[in-house]
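Me: Please go through this model with me by question and answer.

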Amino acid sequence: MLVDDIEGLPPTLLVTCGADPLRDEGVGYGRRLERAGVALDHRHYAGMIHAFLQMDGRIGVASELMEAIASFLRAARREGRRGW
């Protein structure tokens, strides 16, 4: 959030959670990415806490997010995105 120019960043998968103290910062960052023209896949999990991804196997939506992350990374690799 401290960098002035974020144009040209690679497509971004942004995950925010309703019960996360960093939620507002994440949402704000997503808005900045959109304004800068960065391709954004923003997934918001309203009832989740910050660390819910580590609860994969206990919370069903964590498994769904894990698959979304894997799909995003596979697509990035296929498309030859910068840094892959």
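Predicted model: local features only at pLDDT ≥ 70, side-chain atom pairs only at ≥ 80, totals over all residues.

Reply: Residues are numbered from 1 along each chain as its sequence is written, and side-chain values use heavy atoms, with hydrogens and water left out.

Me: How many bridges join S1 to strand S2?

Reply: Helices (H or I, at least four residues) and strands (E, at least two) are DSSP runs, numbered from the N terminus. Two strands pair if DSSP finds at least two bridges between them. S1 and S2 (residues 40-49) run parallel, and the number of bridges joining them is seven.

Me: Which residue in S2 does Thr12 stand opposite?

Reply: S1, H1 and S2 make a right-handed β-α-β unit (with the strands pointing away from the viewer, the path from the first strand over the helix to the second runs clockwise). In S2, the residue opposite Thr12 is Leu40.

Me: Is Phe52 buried or exposed?

Reply: Phe52 forms a tilted aromatic pair with Tyr45, 5.1 Å centre to centre and 50° between the planes. Rings pair if their centres lie within 6.5 Å, and planes under 30 degrees apart count as stacked, over 60 as edge-to-face and the rest as tilted. Buried means under 20% relative accessible area, exposed over 50%, partly exposed in between (1.4 Å probe, protein chains only). Tyr45 has 13% and is buried; at 2%, Phe52 is also buried.

Definitions and conventions. Phe/Tyr/Trp six-rings, centres within 6.5 Å; stacked < 30°, edge-to-face > 60°.
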